[in-house]
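Biologist: I am new to this structure. Please show it to me, and let me ask how you know what you say.

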Amino acid sequence: MSAALDSLLDLLDLERIEQDIFRGTSRSAVVPRVFGGQVAAQALVAAGRTVPEDRGAHSLHAYFLRPGDPGAPIVYSVDRIRDGRSFTTRRVVAVQHGKPIFHLSASFQVHEEGMDHQAVMPRSPDPDTLPTAAEMLPRYADRFADPRMVDRLLEARAAVDLRYVDAPPFATAGEPREPRSQVWFRTHGKLADDPLLHVCMATYVSDMTLLDSVLLAHGRGGWAIGDVVGASLDHAMWFHRPFRADEWLLYDQESPSASGGRGLGQARIWTADGKLAITVIQEGLVRVPRD
């Protein structure tokens, strides 16, 4: 296990300060606020720790309310909405400086057999043939106004092996493209056999690149380039089938719409052997900076 992954696992190991109240810390991000995927993953950890072990997460719906302060702890308060025979529902509010910054509703279900079908996995190259972040990012160092940006991006993603199938938005800024993108990802090291941990890790990664396809449609390079400003507004995930976040997962993303200063991203996450594991939808604030 890499030191970066070990650090991320520590970040997700929340401190329980009351029966249904947890406290977490933050890590540095590319933007000067708490990374949205971190808050979502920590909130899901908090919810999952109040649920019986025989119930796995099957969906979450979340709203990002305020920017998080990376220098302050985050308190997660869990509300036990319902405990049924098959389903358990939890609501989590993340609070900083006395104000809510994030709200999550999550549902958990006892495993059961039922009807089963899925879409066909899209074509994608073998992830082992694609360049790593350490190989790819330095090629585009001249695209960033901040000379430290490559190091900051590498640090922010050090726990995850994330590989772009096509050039990322910052590599083709100024050239509108089809609003689709693919990345393969897995953690830099093996994880424990805890289904909740793998779900929370996928939740963490899901906020890294989902709005890339919005940027591609308009030839924008993104937050690291500085030709857009924005933030995640809401985030929804459905967990269909078991998967491991320490094995290759294909994140196939597209943007069906952007309007009103908002862009919508939708995606499917597939296991390497073609199983549809997760569906993700996110809307983000995407604005062109004023001169």
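Modeller: Start with a cut-off: a residue is called buried under 20% relative accessible area, and exposed over 50%. Keep in mind that this is a predicted model.

Biologist: Which residues of helix H4 are buried?
Modeller: Helix H4 covers residues 149–156. Met149, Val150, Leu153 and Ala156 are its buried residues.

Biologist: How do you know that the buried residues of H4 line one face of the helix?
Modeller: Look down the axis of H4. The buried residues fall within an arc of 130 degrees, so they line one face. Helix H5 (195–206) is among the parts that cover them.

Biologist: Where does H5 lie?
Modeller: H5 lies across S3, S7, strand S8 (180–187), S9, strand S10 (249–259) and strand S12 (276–287). H5 runs at about 150 degrees to S9.

Biologist: What is the order of the strands in the open sheet?
Modeller: There are 12 strands, in the order S1-S2-S4-S5-S6-S3-S9-S12-S11-S10-S8-S7. The pairing is antiparallel.

Biologist: What makes strand S1 and strand S7 edge strands?
Modeller: S1 (15–18) and S7 (160–164) each pair on one side only. Neighbouring strands of this sheet are turned by 25 degrees against each other on average, direction ignored.

Biologist: How do you know that S3 and S9 pair?
Modeller: Pairing needs at least two bridges between two strands. Strand S3 (residues 55–64) and strand S9 (residues 229–239) have 5 bridges, in the antiparallel sense. Ser59 stands opposite Trp238 in S9. His61 stands opposite Ala236 in S9.

Biologist: Over how many bridges do S9 and S12 pair?
Modeller: S9 and S12 pair over 10 bridges, again antiparallel. Trp238 has Thr279 as its bridge partner in S12.

Biologist: Now the charged side chains. Why is the contact of Asp13 and Arg49 called a salt bridge?
Modeller: The cut-off is a side-chain nitrogen of Lys or Arg within 4 Å of a carboxyl oxygen of Asp or Glu. For Asp13 and Arg49, the N to O distance is 2.7 Å, and the pair is a salt bridge. Asp13 lies in the loop between helix H1 (3–12) and S1, and Arg49 in the loop between helix H2 (36–48) and S3, so the pair ties together parts 36 residues apart in sequence. Arg49 is partly exposed, at 33% relative accessible area.

Biologist: What makes Asp161 and Arg186 a salt bridge?
Modeller: Their N to O distance is 3.9 Å, and the limit is 4 Å. The pair links distant parts of the chain: Asp161 is in strand S7 and Arg186 in strand S8, 25 residues apart.

Biologist: Is Asp161 buried or exposed?
Modeller: Asp161 has a relative accessible area of 6%, and is buried. Arg186, at 26%, is partly exposed.

Biologist: How far apart are the closest N and O atoms of Arg180 and Asp252?
Modeller: They are 2.9 Å apart, and the two residues form a salt bridge. Arg180 lies in strand S8 and Asp252 in strand S10, so this pair ties together parts 72 residues apart in sequence. Arg180 is partly exposed, at 32% relative accessibility. Asp252 is buried, at 11%.

How values were computed. Residues numbered from 1 in each chain as written. Predicted model: local features only at pLDDT ≥ 70, side-chain atom pairs only at ≥ 80, totals over all residues. Heavy atoms only, no water. Buried < 20%, exposed > 50% of the residue type's maximum accessible area, 1.4 Å probe, protein only. Helix = DSSP H or I, 4+ residues; strand = E, 2+ residues; numbered from the N terminus. Arc of directions from axis to C-beta. Contact = heavy atoms within 4.5 Å. Axes fitted to C-alpha atoms, helices over the stretch in contact; angles between N-to-C directions.
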